[in-house]
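Thank you for asking me to look through this model. My notes are set out below as numbered points, with the cut-offs given where each term comes up.

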Amino acid sequence: MNRAELIEYIQNKYTCTAEYLWNKYPNYVVFRHQSNSKWFAIIMDVPSSKLSNDSNDNKEILDIVDVKVAPENIGSLRLQEGFYPAYHMNKEHWVSVLLSKKVSKNEIKLLIDDSYHLTK
């Protein structure tokens with residue numbers, strides 16, 4: 001799933017607006033509940049070095065989405081390819097998911113749905 005597909009999915013399913021909050025990070029997109037303003041997803045483009053200690057890919061820019069996950073699922077998700085400790089969020093409750101072919105569209109959609117319900 002790519003960035004555009006994910007934004008379209010979230011906006012259509014949850015009737016919320018993509019928010020671009022930071023001039024310094026024009027590609028960071030926040031989605032939040034209309035009722036309580038809590039974030040349930042943030043899409044970012046980050047250097048690979050922010051996700052991994054592998055110094056070989058430090059200059060590659062990756063699209064990721066951070067989502068809230070039930071704490072009991074964090075460990076098993078992080079063992080899978082395409083999942084990382086959350087970048088810039090609480091690592092006990094959030095994960096970063098690589099927007100690439102490594103993680104299926106259906107799995108990303110399920111994670112967005114879960115995050116939406118966990119942050120209600």
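1. Basis of the note. The model is predicted, so that local features need pLDDT of at least 70 and side-chain atom pairs count only at pLDDT 80 or more, whereas totals for chains, interfaces and linings use all residues. Residues are numbered from 1 along each chain as its sequence is written, and side-chain values use heavy atoms, with hydrogens and water left out.

2. The sheet. An open sheet is formed by 5 strands in the order S1-S2-S3-S5-S4, with antiparallel pairing; two strands are taken to pair if DSSP finds at least two bridges between them, and the elements themselves are DSSP runs numbered from the N terminus, helices being H or I with at least four residues and strands E with at least two. The edges are strand S1 (29–32) and strand S4 (83–85), each of which pairs on one side only. From one strand to the next the twist averages 25 degrees, where axes are lines fitted to C-alpha atoms, for helices over the stretch in contact, and angles run from 0 to 180 degrees between N-to-C directions.

3. Strand pairings. S2 and S3 pair in the antiparallel sense over 7 bridges, and within this pairing Ala 41 has Val 67 of S3 as its bridge partner. S3 and S5 are joined, again antiparallel, by 5 bridges, with Asp 66 standing opposite Ser 96 in S5. S4 and strand S5 (residues 94–98) pair antiparallel over 3 bridges, and Val 95 in S5 is the bridge partner of Pro 85.

4. Helix H3 over the sheet. H3 lies across strand S2 (39–47), strand S3 (61–68), S4 and S5, and runs at about 40 degrees to S3; contact here means heavy atoms within 4.5 Å. The helix has 14 residues and reaches 20 Å from its first C-alpha to its last, close to the 20 Å expected at 1.5 Å a residue, the expected span being 1.5 Å times one less than the number of residues. Its buried residues (under 20% relative accessible area, with exposed over 50% and partly exposed in between, for a 1.4 Å probe and protein chains only) are Ile 108, Leu 111, Ile 112, Asp 113, Ser 115 and Tyr 116. These buried residues of H3 pack against H1, S2, S3, helix H2 (71–78), S4 and S5.

5. Asp 113. This residue of helix H3 counts as buried because its relative accessibility is 12%. A polar contact of 3.3 Å joins the side chains of Asp 113 and Lys 13; the term covers a pair of N or O atoms within 3.5 Å, where within protein one must be able to donate a hydrogen and the other to accept it, and residues adjacent in sequence count only if both atoms are side-chain atoms. Leaving aside residues up to four places away in sequence, Asp 113 touches Tyr 9, Lys 13 and Tyr 14.

6. Aromatic pairs. A search of the whole structure finds 7 aromatic pairs, for which rings of Phe, Tyr and Trp (its six-membered ring) must have centres within 6.5 Å, planes under 30 degrees apart counting as stacked, over 60 as edge-to-face and the rest as tilted. Tyr 14 and Tyr 116 are stacked, at 4.0 Å centre to centre and 25 degrees between the planes. Because Tyr 14 lies in helix H1 (residues 3–14) and Tyr 116 in helix H3 (residues 105–118), the pair ties together parts that are 102 residues apart in sequence.
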